[in-house]
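Student: I have just opened this model and would like a guided tour. Could we begin with the charged side chains?

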Amino acid sequence: MGKAGNAFIGFFYLLLALCAVSLSLSPVQAESLSQQAQSAPSASEQASSLADLQKQLDALKQQISSAQSDSQLVNLSQLNQTLLADADTLRASLYEQQATITTQLNVLGPAQDNAVVQETREVVARRNNLTRQKEQIEKQIEHASAIYSNAESLAVQISNLRRNNLKTQLALNSGSMLDVDFWRPLVSPVAQDQQKISRFAQQALQGWSSAWQPDWRLGSAVFLLLAVGCLYTRRHLENALAHMCITLLPEGRLRRSGYATGILCITMLSWSIAGSLVGYTFSRAPDVSDAFASFVDDWERLCRFSAMLAGLGRAFLSNQRPSWRLSNMASPLAEALRSFPPLIAGIVLLFGSLEQLNSAAGTSVSASVVVSALSALSIALTAGIITRRSNQIRKQMIARGERTESRSTLAGLMHLATILTALAVLFSLLFGYISLARFLTYEFVWVGLVLSCLYLFIHLWNDICESAFDQNNRCGKSIQETLRLHERHLAQIATLLSATGKTVLILFALVALLNGTFGSTTPLQLLQKAVEIWGGDGLGKLNIVPANLLNALVILVVGIYLLRTARRWLEQEFLPKTMMDKGMRVSLTTLFANIGYVSIALATLSTLGVQWNNLAWIVSALSVGIGFGLQEIVKNFISGIILLTERPVKVGDLVSISGIEGDIRRINVRATEIQLTDRSTVIVPNSQFISQNVRNATMGNAQGVVTIPLTFPLDIDPEQVRDLLLTIYRENESVLEAPAPSVTFSQLSAQGIMLSVTGYVASPRVVSNTRSDLLFEILRALRVANIALSSPQKMIIEKEAPEA
C-alpha cells in the first residue's frame, strides 16, 4: 500500500483508541467530572466578572483619551496590566470548564434519533443542559477574548502615546543619564521586552530562512550580489563622472558644482539601492509578518537619509579632487574631516534602526528613552569633536604660517550654532530631558541636511545659468544667434533665471525646514506641501498656538533678509543692465520693497494663525487710529504709492515746491528727500506733492533756458550788439545749436535799450553755470568793442542859498 493508505490506517486506529477510552470511562469518573464542573464558578458569577471587566475596560479607554501627563499614562498602564491578567485568568477558567463539559458530552455521546435502544429522559436532559452550558461558556470565552484583545490594544496605544510624548513633549523629564535606574532597561531588561524582542527576532529569522528556501535561494543570492556590486562600482562611477565633467562641461565653476552634485547622487543612489535590495531580499516572501515588513520599509528610508548625509559630506570635502572643492576649505582641514560624514551617517543609521526596532517590536518606553539618549549623546559628541578638530587644524596651520580659508559671517554663525546645540543636548541629557535632547539632535541633523542641499543646489543652478548664457560658450552662442539677442540681454536673462531659481530653492528649503522631519519626510511630500501652500490651502484654518511663534519668527527674519538681498540684487545687478533711467530704477526698487514688507507681515500673521475673516476688530481699531493720529501718516503713505505708480516726479528730477528747489534723491513711504544746491537735504511729506503745485524742471526731458537781459545806451548800434551777443552764445559749448540762440528787443525807454538774449542748454541743472560763463564772456566782449552798458541816470536838484 502507498503512503496515503498507511496514513488512513493510522488515522482509523487512532479513532478506535479514542472510542475505547471514552467507553471505558467509569460512572465514578463521570461523577467526578460532574463534581468538578459543579465546583467551578457559576455562570452568574462569571457573567458578573465579565461585566466588571468590561466596565474597567471602558473606564480605561475614557481615562486614556483624556490623559495629559506621562505619570497618568504610567498609572493607566499598570491598571491595564491588571485588567489583562484578570481577563486572562477568567479566560483560562472558562477554557477549563469548556473542556470539562466537552468531556461530559463525549461520555454521553451524540443524540440518538433512531436508536435501537431508547435513551432515558435523564440522559437527554443532561445532554441538553450540558449543551446549553457549553454554548453559554463559548459566548463568555468570546467576550473574555474580546476584552483581552482590547486590553492588549490599549497597552499598545499607551506605549505609542508615551513614545509620542517622548518625541513631542520637550519638557518631559525622563530621568538623568547619571541615574543607575536609567540604564536598567539595557542592563536588566524586563521580561515583556525580552519576549517582544525575541518574537520580533523570530520574525526576522523567519524572513531570513524564507529567503534561502529552494524556491527563493537563487533570487536572494542575485539580489545580494547586486547590492555588493552597487557599492563596488561607486568608485568607478565617480571616476567616470570626473571624466564627463572635463569633456562635456565648459571650463568654469560649473565643473565644480556639477561634480559635487554627481558625487552626492552616486553616493546616495549606490547605498540606497544596496539597502533596498537587501531589504527586499528578506521581506519579499509571502509568509513574512507585517511588523517585519514595516520595519524593513522604514529601514530602507533611513538608509536613503543616511546615504544623503554621507554623500553631502563627501561632495563638500572633495578629498579626491581638492581643486574642484566647492568651498574654499583648506585641504588639511578637509583631510582631517574625511571620516566624520560617514561616521555621522553610521550613527544615524544605527540608532535610527534601534528606534525602529523598538517601535516595531513594541518594547517599553524606557527602552526607547535609552536608545534616544544614546543617539543624542553620540551625535552631540561627534558634532563637538568636529568643531574642536576644525579649530585645532586652523591653529596648526596658522602656527606653520599657512593660509587658512576666510570664513564668512554666516559660516561663523553656523559654527557657533553647532557648538551651542551640542552643549544644549549634553545639558538636556544630564538633567533628564531626553525628549528635548532628541528633538535638538534630529532638528540639528535635519537643518544641516536642508541647508547643505540648499547651498549645493544654489551654486549648481547659478553656474548652469552663467554657463548656458555665456557668449563664450557654445550654448550661449547658439542662443544668441538663434534669438538675435544682444550680449547685455544674455546677461539679463542669466541673472533673472538665476534669481528665479534661487528664490524657488529658498522657498522649498523654508517649506522643508518648517514642515519636514528627519527620517520620514520625502522630497515628494515636500513638493506636495509647497503646492498646497502655493494654492493657499490651510491659510484660513490656522490657529495661534505657541509652536507657531518660532515659525513666525523664522519667516520674519528670513523674509526681511531675502527682501533686502533681492532689493540689493535689483539695484546693483539686474536693473543697471536694463535701459531704464535711474529714477525709474529707484522707483521700481522702492515699490518692490514696500510690497515685500507688506507680504512679509501678512505671511508672519498667517503663520501665527491669524484668520483674516476674524480681523474686523483690527479694521475697526485702524479706522479709529486713522481718524485721530494716523491720518497724516496714512495720507503720506498713500501719496507715496501714487508718486511711485503715476510718477509725476521721480528720483533725479529737479523740482520746486513751496519755495524749495532741488533734486529728488529718494522717495520713501512717508516723505521725499530733496537735495538743495548747497548739498543739504529737505524732507518733504509726500502729501504735499499731491495737494500743492509742483514745478518739475526735468519732466519729459525738459531743456534749460539761459536768458540774460541787458540795458544799453540809446546811441549804440543794436544790430552790432545783437551779432555780438549771438556770437558769444554760439561759441559757448553748453548752449545748444537747436533751438538756436536769439536776441529779443525787450524795451525802449529813456534809460536806454533793453535787449534779452536767450539760449537753450541740455539740462536745467547747468543753467546757473552756463549763465555765469556767458556773463563773463559778454563783459569781456563788450569791453573789447568799447560798448558800455547803460548806467542809471541821476537827477541832481540844487537849491539856492537864502539871501541874507
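Student: How many salt bridges does the structure hold?

Tutor: The structure holds 15 salt bridges, a salt bridge being a side-chain nitrogen of Lys or Arg within 4 Å of a carboxyl oxygen of Asp or Glu. This is a predicted model, in which local features need pLDDT of at least 70 and side-chain atom pairs count only at pLDDT 80 or more, while totals for chains, interfaces and linings use all residues. Residues are numbered from 1 along each chain as its sequence is written, and side-chain values use heavy atoms, with hydrogens and water left out.

Student: Which residue does E238 meet in a salt bridge?

Tutor: The side chain of E238 meets that of R314, at 2.6 Å from N to O. E238 lies in helix α9 and R314 in helix α11, so the pair ties together parts that are 76 residues apart in sequence. Helices are DSSP runs of H or I with at least four residues, strands are runs of E with at least two, and both are numbered from the N terminus.

Student: Are those two buried or exposed?

Tutor: Both E238 and R314 are buried. Buried means under 20% relative accessible area, exposed means over 50%, and partly exposed lies in between, with a 1.4 Å probe and protein chains only. E238 and R314 are also linked with R234 in a network of salt bridges.

Student: What about D181, what does its side chain meet?

Tutor: D181 and R184 meet in a salt bridge, at 2.6 Å from N to O. D181 is exposed, with a relative accessible area of 52%, and R184 is partly exposed, at 44%.

Student: And which residue forms a salt bridge with E571?

Tutor: That is R567, with the closest N and O atoms 3.5 Å apart. E571 and R567 are four residues apart in helix α20 (residues 547-574), so about one helical turn separates them. E571 counts as partly exposed at 39% relative accessibility, and R567 does too, at 23%.

Student: Back to α9. How many residues has it, and how far does it reach?

Tutor: Helix α9 (residues 234-248) has 15 residues and reaches 20 Å from its first C-alpha to its last. That is close to the 21 Å expected at 1.5 Å a residue, where the expected span is 1.5 Å times one less than the number of residues.

Student: Which residues of α9 are buried?

Tutor: In α9 the buried residues are R234, E238, L241, A242 and C245. Seen down the axis of α9, these buried residues fall within an arc of 95 degrees, so they line one face of the helix. The arc is that of the directions from the helix axis to the C-beta atoms. On the other side of α9, H243 and L248 are exposed.

Student: What do the buried residues pack against?

Tutor: The buried residues of α9 pack against α8 (217-232), α10 (253-283) and α11 (290-317).

Student: New topic: in what order do the strands of the open sheet come?

Tutor: Five strands form the open sheet, in the order β4-β3-β2-β1-β5, with antiparallel pairing. The edge strands are β4 (681-685) and β5 (695-696), each pairing on one side only. Two strands pair if DSSP finds at least two bridges between them.

Student: How many bridges join β1 and β2?

Tutor: Strands β1 (residues 654-657) and β2 (residues 660-667) pair in the antiparallel sense over four bridges. They form a hairpin with two residues between them, and S658 in the turn has a positive phi of about 55 degrees. L654 stands opposite D663 in β2, while S656 has E661 as its bridge partner there.

Student: Which residue of β5 is opposite S656?

Tutor: In β5, S656 stands opposite R695. β1 and β5 run antiparallel and are joined by two bridges.

Student: Which way do the residues of β1 point?

Tutor: L654 and S656 point one way from β1, V655 and I657 point the other way, and all are buried.

Student: To finish, how many helices and strands does the chain have?

Tutor: The protein chain has 26 helices and eight strands. Buried residues make up 36% of its 804 residues.

Terms used
Contact means heavy atoms within 4.5 Å.
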